[in-house]
Amino acid sequence: MGRGKIEIKKIENPTNRQVTYSKRRNGIFKKAQELTVLCDAKVSLIMFSNTNKLHEYISPSTTTKKIYDQYQKALGTDLWSAQYEKMQEQLRKLKDINHKLKKEIRQRIGEDLNELSIDHLRVLEQDMSEALNGVRGRKYHVIKTQTDTCKKKVRSLEERHGNLRMEYEARLEDPYGLVDNEGDYESAAALVNGASNLYAFRLHQGQHHHQHHHQHPDLHLAGGFGPHELRLP
């Protein structure tokens with residue numbers, strides 16, 4: 001059973017269109033290769049898909065350039081002359097633009113002003129004044145941004161200095177670290193009072209020792225007591 005004929009019109013479904021393009025492209029390339037081998041022909045095929053993707057086949061015995069040269073020779077025409085003229089015209093336009101831009105640059109730095117009329121000089125002065133205002137505005141913006149950043153750094157350093165100073169003063173007032181926080185104030189105060197009482201007790205016993213050292217030869221001369229000798233009244 002033979003295949004039905006396909007109506008020759010654009011395939012609207014993009015997936016089907018791409019599949020058909022791929023299959024028929026491969027078929028054309030296969031036919032071109034067969035012509036090259038069977039008939040010793042020089043075949044060149046250049047194809048672009050609807051996504052502008054290039055596909056090309058050229059017979060192994062030649063190149064694309066040689067095919068173009070042979071085509072021009074056979075027809076007696078020059079494929080490149082028109083394109084060359086267009087390229088030359090585009091080059092001339094670009095050179096004119098470049099020359100004008102260089103001239104404007106020289107005029108903006110105070111050169112090549114002799115040929116300018118009073119109107120052109122006024123326009124140039126106005127343009128340079130506006131440009132100067134733009135540059136000056138940008139400069140002030142940068143200065144303000146840097147100043148704000150420096151102020152933030154100064155405030156951060158001042159805050160850090162204040163914290164360090166408060167910590168230093170707290171250590172001066174509490175050199176032994178007895179008061180760590182407000183919650184431990186009472187226990188620290190009790191510890192200080194206990195230490196004061198112990199010091200007073202040792203001082204009293206030391207004085208008593210100096211008065212009666214001849215009666216207690218086993219006591220230390222410095223007024224200290226061993227752990228077994230301390231007795232609270």
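**Group meeting: a predicted helical model with one hairpin**

There are zero disulfides in this structure, a disulfide being a pair of cysteine sulfur atoms within 2.5 Å. C39 is exposed at 52% relative accessibility, and C150 is partly exposed at 47%. On those words: buried is under 20% relative accessible area, exposed is over 50%, and partly exposed is in between, with a 1.4 Å probe and protein chains only.

Some housekeeping. The model is predicted, so local features need pLDDT of at least 70 and side-chain atom pairs count only at pLDDT 80 or more, while totals for chains, interfaces and linings use all residues. Residues are numbered from 1 along each chain as its sequence is written, and side-chain values use heavy atoms, with hydrogens and water left out.

Now the overall layout. The protein has five helices and two strands, in the order α-β-β-α-α-α-α from the N terminus. These are DSSP runs numbered from the N terminus, helices being H or I with at least four residues and strands E with at least two. Of the 233 residues, 12% are buried.

Next, the hairpin. Strand 1, residues 44–48, runs antiparallel to strand 2, and five bridges join them; pairing requires at least two DSSP bridges. F48 has L54 as its bridge partner. Five residues separate the strands, and N52 in the turn has a positive phi of about 65°.

Leaving aside residues up to four places away in sequence, Y57 touches several others, including F29, A32 and V43; contact means heavy atoms within 4.5 Å.

Last, charge pairs. The structure has eight salt bridges, each a side-chain nitrogen of Lys or Arg within 4 Å of a carboxyl oxygen of Asp or Glu. R108 pairs with D127, closest N and O atoms 4.0 Å apart. R108 is in helix 3 and D127 in helix 4, so this pair ties together parts 19 residues apart in sequence. R106 pairs with D112 at 2.5 Å between the closest N and O atoms. Within helix 4, E167 and R171 are four residues apart, about one turn, and their closest N and O atoms are 2.9 Å apart. E167 is partly exposed at 39%; R171 is exposed at 56%.
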